[in-house]
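Trainee: Before we go through the terms, may I see the model? I want to know what stands behind each label.

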Amino acid sequence: MEWTMRLPRQAGRRMGRGWTAAALASIPLVMTLGNSMLIPVLPVMERQLGITPLQSSLLITMYSVVAILFIPIAGYVSDRIGRKNVIIPSLLLAAVGGGMAGWAAWRMHDPYGWIIAGRMLQGLGAAGAFPIVLPLVGDLFPDEEEASRCLGTIETANTFGKVLSPILGAMLAGIVWFLPFFSFPVFCLLSAAMMAWSIQAPARRERPLPFRDFVVAVKVIFRREGRWLAAVFAIGGLLMLVLFAFLFFLSSRLEEVYHIDGVRKGWVLAIPLGALCFASFAAGRLIGGRKERMKWGAVAGCILSAAALLLVSLYPSLFLWLALFSAAGIGIGAALPCLDALITEGIEKKERGTVTSVYSSLRFIGVAVGPPLAAWLMKSSVASLLFLLSALALVGGGLAFWLIHPEMDGGKGNESGRIPRH
């Protein structure tokens with residue numbers, strides 16, 4: 001890959017590694033802002049646009065649906081032409097989509113359809129941005145512990161974006177309700193500039209496999225590693241579904257039941273998301289290159305989230321809700337870096353972009369399904385929603401326990417970083 005040949009020069013300098021990690025972390029931060037900033041603003045958009053909660057949830061869902069469809073293509077292309085050559089144009093495309101949605105909201109009489117179109121364009125750009133970061137980390141940092149720390153930083157940036165999103169989204173919407181759309185292009189351009197400046201591609205690259213040989217190689221990977229890969233894919237999707245469903249639920253309840261809106265609601269939503277952010281950062285530092293820790297981190301995180309969400313329906317107090325949702329956030333935040341590290345370090349570089357793109361697609365499916373699922377179930381029974389989310393998190397923990405079996409070698413995985421078939 002194009003970046004591996006620059007690595008010795010970069011890895012030898014702490015400052016270079018720091019700027020590289022910062023540039024990489026800016027991408028999930030920006031992509032998260034582009035989606036999660038809208039969650040606290042959705043009730044405002046319902047009133048401004050005259051749409052239903054289900055229609056407002058589609059502003060989140062359509063972004064994710066398009067990303068789901070194009071992530072595998074972006075992953076394959078990144079394996080062929082290089083990660084940076086995919087990421088930067090994708091950031092620029094996402095910026096155009098944000099500007100289009102903002103312009104429609106500002107200038108058009110009936111803008112809902114055009115806003116959806118702009119969100120879909122943002123999703124197309126997102127497909128070639130955040131999902132490509134995971135294999136790029138593996139390309140840049142061959143040392144497993146350093147890669148795990150960087151992945152922890154990236155998940156922390158991802159979750160910090162979720163912490164910042166409700167506050168920033170509410171602040172911007174307090175000025176003009178469609179201003180969050182216009183802010184997204186600014187963030188994308190800053191991230192693209194950081195990537196262009198900090199990640200340097202060498203003059204030569206390894207020759208990519210012909211498409212037919214590449215397909216055969218990917219089939220071999222899934223035959224050999226299919227069990228644990230399927231578990232990681234499923235858990236990632238389930239956890240993102242749980243996260244975005246309970247964020248949608250909490251955002252709606254804060255306005256409807258507790259009459260908390262605007263920036264105040266942003267700060268309240270930031271409490272469980274801040275817990276998630278801290279857990280991601282800590283998990284990335286603690287797991288190192290140890291596959292057993294990655295497995296048990298995922299198991300424990302899923303179980304903690306399941307237990308916390310099960311208790312939410314029993315205690316209607318806002319204080320206890322925030323405590324329990326924070327516990328659920330800690331569980332999700334602890335599990336995600338473990339899953340990222342397992343899949344990034346367990347796959348060879350040549351196929352890493354394609355395989356991690358499947359994982360990212362499953363995560364985006366969770367993001368797409370969560371809000372409309374929450375909106376639908378909230379109409380009939382809040383308890384059924386919370387019970388379902390708890391059950392899904394518990395299923396994720398069971399998959400991690402039964403299907404992920406790292407090879408033990410003094411507490412670490414084998415030298416190649418692979419998780420062998422059992």
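Mentor: Start with burial. Buried means under 20% relative accessible area, exposed means over 50%, and partly exposed is in between (1.4 Å probe, protein chains only). This is a predicted model: local features need pLDDT of at least 70, side-chain atom pairs count only at pLDDT 80 or more, and totals for chains, interfaces and linings use all residues. Residues are numbered from 1 along each chain as its sequence is written, and side-chain values use heavy atoms, without hydrogens or water.

Trainee: Why is Asn-158 called buried?

Mentor: Its relative accessible area is 3%. That falls under the buried limit, so the label holds. Asn-158 sits in helix H8, residues 144-175.

Trainee: Which residues does Asn-158 touch?

Mentor: Pro-28, Thr-32, Phe-130 and Arg-363, leaving out residues up to four places away in sequence. Contact means heavy atoms within 4.5 Å.

Trainee: What about the chain as a whole: what share of the residues counts as buried?

Mentor: 60% of the 422 residues. The chain has 15 helices and zero strands. Helices (H or I, at least four residues) and strands (E, at least two) are DSSP runs, numbered from the N terminus. Among contacts with a separation of 6 or more, 85% join residues 24 or more positions apart.

Trainee: What makes Glu-255 and Arg-47 a salt bridge?

Mentor: The rule asks for a side-chain nitrogen of Lys or Arg within 4 Å of a carboxyl oxygen of Asp or Glu. Here the N to O distance is 3.7 Å. The pair passes. Glu-255 lies in helix H10 (residues 211-256) and Arg-47 in helix H3 (residues 42-49), so the bridge ties together parts 208 residues apart in sequence.

Trainee: Are the two ends, Glu-255 and Arg-47, buried or exposed?

Mentor: Glu-255 is buried, at 16%. Arg-47 is exposed, at 57%.

Trainee: How many salt bridges does the structure hold?

Mentor: Four. One of them joins Asp-340 to Arg-363, with the closest N and O atoms 3.2 Å apart. Asp-340 is in helix H13 and Arg-363 in helix H14 (residues 349-378), so parts 23 residues apart in sequence are tied together. Asp-340 counts as buried at 0%, and Arg-363 counts as buried at 4%. Shared partners join Arg-47, Glu-255 and Lys-265 into one network.

Trainee: What is found at the start of H13?

Mentor: A side-chain oxygen of Ser-317 comes within 3.3 Å of the backbone nitrogen of Phe-319.

Trainee: Which residues make the nonpolar surface patch?

Mentor: Leu-311, Leu-314, Tyr-315, Phe-319 and Leu-320, covering about 520 Å². Patch members have over 30% relative accessible area and no salt bridge; nonpolar side chains (Val, Leu, Ile, Met, Phe, Trp, Tyr) are joined within 5 Å, like charges within 9 Å.

Trainee: Why is Trp-402 called exposed?

Mentor: Its relative accessibility is 60%, past the exposed limit. Trp-402 is found in helix H15, residues 382-403. Its C-alpha is 9.8 Å from that of Val-299, 103 residues apart along the chain.

Trainee: What makes the phi of His-259 worth a mention?

Mentor: Phi is near 55°, a positive value in a residue other than glycine. Most residues other than glycine have a negative phi. His-259 lies in the loop between H10 and H11, and is exposed at 60%.

Methods: Accessible areas come from the Shrake-Rupley method with a 1.4 Å probe; for residues, only the protein chains shown count as cover. A polar contact is a pair of N or O atoms within 3.5 Å; within protein, one must be able to donate a hydrogen and the other to accept it, and residues adjacent in sequence count only if both atoms are side-chain atoms.
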